[in-house]
Amino acid sequence: MRDWVEWHQGYADPASGLSARLRSVRRHLGRAIGQAAGPVRLVSLCAGQGDDVIGVLAGHPRRDQVTAVLVEAEPRNVQVARDRAAAAGLAHVEVRQADASWPESFADALPADVLLLCGIFGNISDADIERTAAAAPALCAPGATVIWTRHRRPPDLTPRIRAWFADAGFEELAFDALDTTTLAAVGVGRLGHAVSVGLPCGSLFTFRET
């Protein structure tokens, strides 16, 4: 099984594909927070050590208007993220140790105005990606921004993922095909309408044991 704490070491190299992806996610996240109307509810699934959310909120002019819930299963990553949030004085950031694949783990933080699905789609099945994209509107408020990531290695699934989010009612705002050895990509969409369906039952996805 992959060591998800060691995996974060890639961020230490500013030239790595992981760092390039993080910069793209941060740029879009900062913009989404800045453009949101009123208080912002942010939910990050499989949040790791919170590099994206905490890195943006620490210096964002609207930091005190954002209530964030970061959901992460690995306890060591949870502790790192909690320490970082505390050091940055982010009193409205909760790092929750839970299984992010189960909506019940974060239902009290919904509907999200910003939903992060980063570092997930490269580790789950195609069917689970489609299921998660279809379920995303039920997790979001009208006008919410979703940010997701996925590599573009053959066979490149990102065209289908973009279509799945479009079918779910998200207008694509950006798609960054990064020039990295990992062929990373970052997608951004905005939900165009309210969704009346309830939360999906059961798990949205299962991480592969890699």
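Guide: Let us begin with L115, which, once neighbours within four places in sequence are set aside, is in contact with V43, L45, A136, L139, C140, T145, V146 and I147; contact here means heavy atoms within 4.5 Å. Please keep in mind that this is a predicted model, in which local features need pLDDT of at least 70 and side-chain atom pairs count only at pLDDT 80 or more, while totals for chains, interfaces and linings use all residues. Residues are numbered from 1 along each chain as its sequence is written, and side-chain values use heavy atoms, with hydrogens and water left out.

Visitor: Which residues touch the most other members of the largest nonpolar core?

Guide: Those are L45, L115, L117, F121 and F165, in a core of 33 residues. A nonpolar core is a set of buried Ala, Val, Leu, Ile, Met, Phe, Trp, Tyr and Cys residues joined through side-chain atoms within 4.5 Å, and buried means under 20% relative accessible area, with exposed over 50% and partly exposed in between (1.4 Å probe, protein chains only).

Visitor: And which elements each supply at least two residues of this core?

Guide: They are β1 (40–45), β2, β4 (112–117), α4 (126–139), β5 (140–151) and α5 (158–167), and the largest share, 5 residues, comes from α4. These labels follow DSSP runs, with helices as H or I of at least four residues and strands as E of at least two, numbered from the N terminus. A second, separate core of 31 residues includes L29, V53, V66 and V114.

Visitor: How many helices and strands does the chain have?

Guide: The protein chain has 5 helices and 7 strands, and along the sequence they follow the pattern α-β-α-β-α-β-β-α-β-α-β-β. The radius of gyration, taken over C-alpha atoms, is 16 Å, close to the 17 Å that the globule rule (2.2 Å times the number of residues to the power 0.38) gives for 210 residues, so the chain is as compact as a globular protein of that length. Buried residues make up 53% of the 210 residues, and among contacts between residues at least 6 apart in sequence, 77% join residues at least 24 apart.

Visitor: Switching to α3, what are its buried residues?

Guide: The buried residues of α3 are N77, V78, A81 and A85. They cover an arc of only 100 degrees around the axis, judged by the directions from the helix axis to the C-beta atoms, which puts them on the same side of α3. An α-helix has 3.6 residues a turn, so residues three or four places apart point the same way. The cover over the buried residues of α3 includes α2 (51–57), β2 (66–72) and β3 (93–97), whereas the face turned away from the buried side carries the exposed residues A86 and A87.

Visitor: Which residues other than glycine have a positive phi?

Guide: Among them are C46, with phi near 50 degrees, and L183, with phi near 55 degrees. C46 is in the loop between β1 and α2 and is partly exposed, at a relative accessible area of 22%. L183 sits in the loop between β6 (170–177) and β7 (184–191), and is likewise partly exposed, at 29%.

Visitor: Where are the cis peptide bonds?

Guide: One runs from L110 to P111, with omega near 0 degrees, and P111 is in the loop between β3 and β4. Another runs from P154 to P155, with omega near -10 degrees, and P155 lies in the loop between β5 and α5. For background, most residues other than glycine have a negative phi, and most peptide bonds are trans.
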